[in-house]
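Subject: Structure handover

Hello,

Here is the structure we discussed, with my notes below it. Please look through it before reading on.

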Amino acid sequence: MLVYFLGDYMIGGLEEGVVNITITWHWLLFFPAILLALMVMTGLGLLLARAVNAHNDVRHLITIGTRIWFYTSAVIFGVDRFADAGHGWLVTVMHLNPAFCVLDIIRHAWIYDGFADPMRWVVLGSWAVGLMVIGFLVFWQGEETYGRER
């Protein structure tokens, strides 16, 4: 409905040096991408909750792990930088990263006004469903140990 009412609404362009931004229906791809990212994070959170319950020191490793994950998600550096340097294996690892898939889908929808590679959706969907199912099952198995005094 939002795109129907806005159409191809132009933002900016009244002042000098401002770039025109066209809101199209591609921008709506943000919502399913974020939903799949939420599923990935929920499944990962369920797995890590069980690990922290079993071994309290795992919570310190989570901060290091999320920082490494941030840097391997092509947030700062583009994936093309590594492809041009001849590190094909690193490009493959980055393409299998669910955080990279979310960023790539939203970049293509908002910046390039188009669709990302369909493989990004497949990888992100696989991670989302897989982590939700595995995370739920692992968390459910340890349910009776939660809340016990150590």
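First, the conditions. The model is predicted, so local features need pLDDT of at least 70 and side-chain atom pairs count only at pLDDT 80 or more, whereas totals for chains, interfaces and linings use all residues. Residues are numbered from 1 along each chain as its sequence is written, and side-chain values use heavy atoms, with hydrogens and water left out.

Overall layout

The protein has seven helices and two strands; these are DSSP runs numbered from the N terminus, with helices being H or I of at least four residues and strands E of at least two. Along the sequence the pattern reads α-β-β-α-α-α-α-α-α. Of the 150 residues, 25% count as buried (buried is under 20% relative accessible area, exposed is over 50%, and partly exposed lies in between, with a 1.4 Å probe and protein chains only). Among contacts (heavy atoms within 4.5 Å) between residues at least 6 apart in sequence, 58% join residues at least 24 apart.

Helix packing

Angles here run from 0 to 180 degrees between N-to-C directions, and axes are lines fitted to C-alpha atoms, for helices over the stretch in contact. Under 35 degrees counts as roughly parallel, over 145 as roughly antiparallel, 65 to 115 as roughly perpendicular, and the rest as oblique.

Helix 2 (residues 30-54) packs with helix 6 (residues 98-110) at about 170 degrees, and their axes are 10 Å apart. The two are therefore roughly antiparallel. Helix 2 contributes Phe30, Ala33, Ile34, Ala37 and Val40 to the contact, and helix 6 contributes Pro98, Val102, Ile105, Ile106 and Trp110. By class, that contact has 10 nonpolar, no polar and no charged residues (Ala, Val, Leu, Ile, Met, Phe, Trp, Tyr, Cys and Pro count as nonpolar, Asp, Glu, Lys and Arg as charged, and the others, Gly among them, as polar).

Helix 6 also packs with helix 7 (residues 118-141), at about 135 degrees and with the axes 9 Å apart. That makes helix 6 oblique to helix 7. Pro98, Phe100, Cys101, Val102, Asp104 and Ile105 of helix 6 meet Arg120, Trp121, Val123, Leu124 and Trp127 of helix 7. This contact of helix 6 with helix 7 has nine nonpolar, no polar and two charged residues.

Aromatic rings

The whole structure holds seven aromatic pairs. Rings of Phe, Tyr and Trp (its six-membered ring) pair if their centres lie within 6.5 Å; planes under 30 degrees apart count as stacked, over 60 as edge-to-face and the rest as tilted.

Phe30 and Phe31 are edge-to-face, 5.4 Å centre to centre with 80 degrees between the planes. Phe30 and Trp110 have ring centres 5.0 Å apart and planes at 25 degrees, so that pair is stacked. Ring pairs link Trp27, Phe30, Phe31 and Trp110 into a cluster. Phe30 is partly exposed at 25% relative accessible area, Trp110 is partly exposed at 37%, and Phe31 is exposed at 53%.

After helix 7

Thr145 is found in the segment after helix 7 and is partly exposed at 31% relative accessibility. Thr145 and Arg50 are 95 residues apart in sequence and 9.4 Å apart in space, C-alpha to C-alpha.

Regards
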